Amino acid sequence: METENKSLHGILAEFRNPKELVDAAEAVKKSGYKSYDTYAPYPIHGMEKAMGIKESPLGWIVLGGGLIGCIGALWLMIWVMGYEYPMNISGKPFINIPIYVPITFELTVLVAAFATVYGVFSLSGLPRLNNPLFGVDRFKKATDDGFFVCIEASDNLFAEDKVTQLFRDNGATHIETVYDSE
Amino acid sequence: MSTDYQYAPEPTLVKGDHTFREITDLIVKTPLSPTPPLWYLAFGLANILLIVLLGAVGYLIWEGTGIWGLNNPAGWGWAIVNFVWWVGIGHAGTLISAILFLFRQGWRTAINRFAEAMTIFAVMCAGLFPAIHVGRIWVIYWVFPIPNQMGAWPNFSSPLLWDVFAVSTYFTVSLLFWYVGLIPDLATLRDRTKSKVAKIVYGIGAMGWTGSFRNWWHYEKAYMILAGLATPLVLSVHTIVSYDFAVSVIPGWHSTIFPPYFVAGAIYSGFAMVLTLMLIARKMYSLEDIMNIDIMERMNLVMMVCGNLVAFAYLMEGFIAWYSGYIYEQGIFWLYVVGPYAWGFWILMFCNVITPQFLWFKSVRRNVALTFVISILVNIGMWFERFMIAVVSLSTDFMPSSWAYYSPSFWDIITYIGTFGLFFTFFLLFLRFLPMIAIAEVKKELPQADPHNYNDETKEFIEGNTEPVLVQQEQTV
């Protein structure tokens, strides 16, 4: 094999269906691996339990964004209408909180929505220009009808023969080594 | 024949027993195969209308809003009618993608991408009207709280400014929601396409998506949060649009029923528009298995409910006019019914109140041709509803001496027709280059997607293992 100059990224195994993938993920977790991931064309129900993934912290990011939007909008309107540019409109009070509700709401939603999108990208490490897995032709199926597990070489317990054996025991249909592109 | 209810396996959402691969093939076929000749024809027509729109808007900017049929007192005419109509149409997309998602209505996956695209393009058409209506569009930035050379700031207590914030937030959030939903499907297209250029373009859009579960985990959370944000947002947008009218003191406008009534009307017309577009697209692109009759029936049910809510609102308007003892409100009511615009009122009554009553019949709800006709009529009716609201109250207010009949000018009409060019230009580009059905979401709804529908020992899929639900079954006694 002409793999001398390439470093190993991990071992990729394909499974037949979502059930096998969930069971395989559970077996991988039980064997003590930490750096691994499963790949499927849609989010599989119950996979978070099989992989033991903790609750996503995204909600807190969104809460932060929403608070910034809410306080920012109120601050803007109170400052503009009360101090910077007070206008007497039909004798209404300059600082008139009920009338600020619609815009406060809209800006809360707007900033929270941006926080959601930025949050999901940064938590998932996206955008990403390339991924060693894209070098595997078979991996194209992951966005179509393929179900994959990849245990990465960076894992402390990683040993090529053991990982391969684990996948084979769990009924993998294809097992491939993945190399980092240089 | 009697009707009986009993437990039976839930009918599958996608007809025809497709595998994951077949679903992918069915949907990516359109963006990845050569352009059909009919598409060029439709796109050409849409482009002609778009040029008409650009001409009409260009002339408006050159000449001023005097080219429209506006007069004193009717300072709001077709432009505002069209604005409310288009933005209302947009609301169905968000209802389908966000509210039905929160209610766990799996059937929405067949149409959500499609309806969200409709929302975005409809809001673009809507936003155009108030922007060009300001007259001096080169200073449109005055509506935003940007420090300017005059040291002046917008008036935050004006409902018109609330509208600026509501519609621009709505457009932005809809676009974000739509794009987040598209990412996994763009990755599918990236992995499927043979063309080098398409691979790069879809690849940039997909942002390196791999389908990793650790990403899906955050992604699903993000999707739910965006749905949760979009749900109150969509209700707020048409509420605020209704404030443009309701916060004034004009008879016929100054009414607390406006916000819920506007929201119901928006969903009503939006569902009608989704149905119109869907019934054409499913035929053209042979997607009958996904956008199937069951989905059409459910949409018809939503339309029927909203139609009756709107009918109830009309009834309440009449009742309150009488019950309030306020003669100007009563005057507006009579002007609606027998006044100079009564023709519009009766078109509206026929299209919005009579038409949806046919949807009480299951055979009508499941009939493609009739549904198509009803959806068109509802859209016409909803346009007339906004026409009646905007025009009658303005042109015939407190002082009979200042009454004037409003009629649109040539430019009003072609600007409106032109917005269809804008809408369909974008919509056809969407149909051509992007997956019109959310591939990943449809797959998730297939019975074979759920690991619980597999045998624990053999790990083989078990047919008909879906949750039993109470369904209506016709039985011959």
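Read along the sequence, chain A follows the pattern β-α-β-α-α-α-β-α-β. That gives chain A five helices and four strands, where helices are DSSP runs of H or I with at least four residues, strands are runs of E with at least two, and both are numbered from the N terminus. This is a predicted model, in which local features need pLDDT of at least 70 and side-chain atom pairs count only at pLDDT 80 or more, while totals for chains, interfaces and linings use all residues. Residues are numbered from 1 along each chain as its sequence is written, and chains are lettered from A and ligands numbered from 1 in the order in which they are written.

Let us consider the overall form of chain A. Its radius of gyration is 25 Å, well over the 16 Å that the globule rule gives for 182 residues, so chain A is more spread out than a compact globule. The radius is taken over C-alpha atoms, and the rule is 2.2 Å times the number of residues to the power 0.38. The C-alpha trace of chain A spans about 85 × 35 × 30 Å along its principal axes. Of the 182 residues in chain A, 42% are buried. A residue is called buried if 20 or more other C-beta atoms lie within 10 Å of its own, exposed if 12 or fewer do, and partly exposed in between, with C-beta atoms placed from the backbone.

I turn now to helix 1 of chain A. This helix has 13 residues and reaches 18 Å from its first C-alpha to its last, close to the 18 Å expected at 1.5 Å a residue; the expected span is 1.5 Å times one less than the number of residues. Which residues of helix 1 of chain A are buried? They are A:Pro18, A:Lys19, A:Glu20, A:Leu21, A:Val22, A:Ala24, A:Ala25 and A:Val28. These buried residues pack against strand 1 (8-15), strand 2, helix 2, strand 3 (147-152) and helix 5 (160-169) of chain A. After helix 1 of chain A comes A:Gly32, with a positive phi near 95°.

Next, a pair of helices in chain A. The axes of helix 3 (residues 58-84) and helix 4 (residues 97-124) of chain A come within 7 Å and cross at roughly 150°. Here axes are lines fitted to C-alpha atoms, for helices over the stretch in contact, and angles run from 0 to 180 degrees between N-to-C directions. By class, the contact between helix 3 and helix 4 of chain A has 18 nonpolar, nine polar and no charged residues. In this classification Ala, Val, Leu, Ile, Met, Phe, Trp, Tyr, Cys and Pro count as nonpolar, Asp, Glu, Lys and Arg as charged, and the others, Gly among them, as polar.

How many residues does each chain bring to the contact between chain A and chain B? Chain A gives 61 residues and chain B gives 53, two residues being in contact if their C-beta atoms, placed from the backbone, lie within 7 Å. On the side of chain A that touches chain B, at least two residues come from each of helix 1 (18-30), strand 2 (36-39), helix 2 (47-51), helix 3 and helix 4. Helix 4 of chain A gives the most, with 17 residues. This side of chain A divides into 38 nonpolar, 12 polar and 11 charged residues.

We come to chain B, whose secondary structure comprises 15 helices and two strands. With 477 residues, a compact globule would have a radius of gyration near 23 Å, and the 24 Å of chain B agrees. Its C-alpha trace spans about 85 × 65 × 40 Å along the principal axes, and 48% of its residues count as buried.

Helix 7 (residues 213-246) of chain B has 34 residues and should span 50 Å at 1.5 Å a residue; its end C-alpha atoms are 48 Å apart, which agrees. Is helix 7 of chain B largely enclosed or largely open, and why? It is largely enclosed by the rest of the structure, because 29 of its 34 residues are buried. B:Lys221 is found in this helix and is buried, with 20 other C-beta atoms within 10 Å. Not counting residues up to four places away in sequence, B:Lys221 touches A:Ser56 and A:Leu58.

Finally, B:Ala79 belongs to helix 3 (residues 78-102) of chain B. B:Ala79 is buried, with 24 other C-beta atoms within 10 Å. Beyond residues up to four places away in sequence, B:Ala79 touches B:Trp68, B:Phe129 and B:His133. The C-alpha atoms of B:Ala79 and B:Phe129 are separated by 5.5 Å, although these residues are 50 apart along the chain.
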